[in-house]
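Try each task before you read its solution.

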Amino acid sequence: MIPKFKLLTKGMVFIALMLLVFVGGWYFGLRGNSKHSFAYSKLLSPYLAKEALQLKLSHCDLKDVCNFKKNEVSMPDYSEPVILDFAFDPAIQTASEELLEHYKPDLGVMVAMDASTGRILAMASQNRSFPSITGNPVLDVTYPSASVFKVITAAAALEKDMVQPNSQISYQGRNHTLYKSQLKEKVSGWKRMATLKEAFAKSINTVFGRLGVFAIGKDQVKSVSNRFWFNEKIPAEFPVVNSRSANPTNEYELAEMASGYTQENAMSVLHGAMIGAAIANDGQMMEPYFLNAAYLKSGKTIYRSEPQVLARVVSPETAFELRTLMEETVAKGTSRKSFKGFFKGEFRELQVGGKTGSLTDNVLHGKVDWFVGFAQSHGRKIAVSVLTVNKKFWTVKSSYLARKTIETAFSVKKVALK
């Protein structure tokens, strides 16, 4: 009887230890999708956490690494080189680099992201005319987000249930102006009407300015922008500059913020991809990751990435409505010319949406042109964020570069994703 009792005791101790490990792992890492949760317990993982890897990489010379000219780096606390296994899809990365080389914008920046996982499929940039940009144009610089910020305003309006995509909204004046006289609560004079879907697709500043002032309010616009990760640190293996949203002090500044007609809303091209991905991913924003893994030259793995939810930015219902607005931009709005003839053959069933934006950057003294959007088919979802900045002459629109990237990503001739 005594040996059996000892075996039973050992078994109970073993079960208790396993329960302790499971509960500890759940408590410290497996709790869901808050901004401070992790995909696995840091206490139990044999690998560096993403934050720890970023801290170590911040002390390295990353000029060549962040331009992806090499993947070997000397890192603090390791006596041998560390090899970085980039997560990029070879076909999409190569296509992005070739597009920028072919069209030669003064500044071109492109990011493609797997919306479901956060994997960065491509990250390319080419700077021909802006010597003030000394770092990586994807990671180290923000640009006026222009009308891309209308995505945030639309999300705030839809969540507050003030409008629906087909709601009629009255306004006056031209589509792309924003004067104080257009912001009187009662529309008078040259009265025009547009649905939210039409106003979004054609990027009508006055409609979004009026929504911000009379329907949503500063607190809600600011709150939703924070939820979309403006003014927050982006968790990634490499340090990324924070995007920011305006802090208006009067109604006109609020209208500027809500319509994107301001220098005060600024975001990185990486953040643009995260926004597009969150909308494609039913409102869940994923943490971006550039690396599959990092390991010592001798073979030991010190870091391994895995998909991690950053935050829920909107409900699935609001994400669906935002996709409806963004699809209208491609079908009938500001990027229709770039996607003319696209939905044929192998792309016939592809769902594509986006938001364009343009504004003169007062720091770079060049015209900023954005496309932030998504493409999805049969459960596969990618986001694309493209920025071009030109001083005098345009060689290509960002929406066209996005189209060619989407073609590469979904072409049957493309090298299969890993």
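**Exercise 1.** Decide whether β14 is mostly covered or exposed.

*Solution.* This is a predicted model. Step one: take the cut-off, under 20% relative accessible area for a buried residue. Step two: apply it to the strand. In β14, 11 of the 12 residues are buried. The strand is mostly covered.

**Exercise 2.** Find what packs on the sheet that holds β14.

*Solution.* Start with helix α10, residues 269-280. Helix α10 touches β3, β4, β14 and β15. Its direction makes about 150° with that of β15. Now take helix α12, residues 398-410. Helix α12 lies across β3, β13, β14 and β15. It runs at about 150° to β15.

**Exercise 3.** Write down the strand order, then explain which strands stand at the edges and why one side of each lacks a neighbour.

*Solution.* The open sheet has five strands in the order β4-β3-β15-β14-β13, with antiparallel pairing. β4 (120-127) and β13 (351-361) have a single partner strand each, so one side of each has no neighbour in the sheet. From one strand to the next, the twist averages 10°.

**Exercise 4.** Trace the pairing on both sides of β14.

*Solution.* Begin with β13. It is joined to β14 by 11 bridges, and the two run antiparallel. Glycine 354 has glycine 373 as its bridge partner. Glutamine 351 faces glutamine 376. Four residues separate the strands in this hairpin, and histidine 365 in the turn has a positive phi of about 60°.

Move on to β15. Again 11 bridges make an antiparallel pair with β14. Here glycine 373 stands opposite valine 384. This hairpin has two residues between its strands, and histidine 378 takes a positive phi near 50°.

Methods
Residues numbered from 1 in each chain as written. Predicted model: local features only at pLDDT ≥ 70, side-chain atom pairs only at ≥ 80, totals over all residues. Heavy atoms only, no water. Pairing = 2+ DSSP bridges. Axes fitted to C-alpha atoms, helices over the stretch in contact; angles between N-to-C directions. Contact = heavy atoms within 4.5 Å. Buried < 20%, exposed > 50% of the residue type's maximum accessible area, 1.4 Å probe, protein only.
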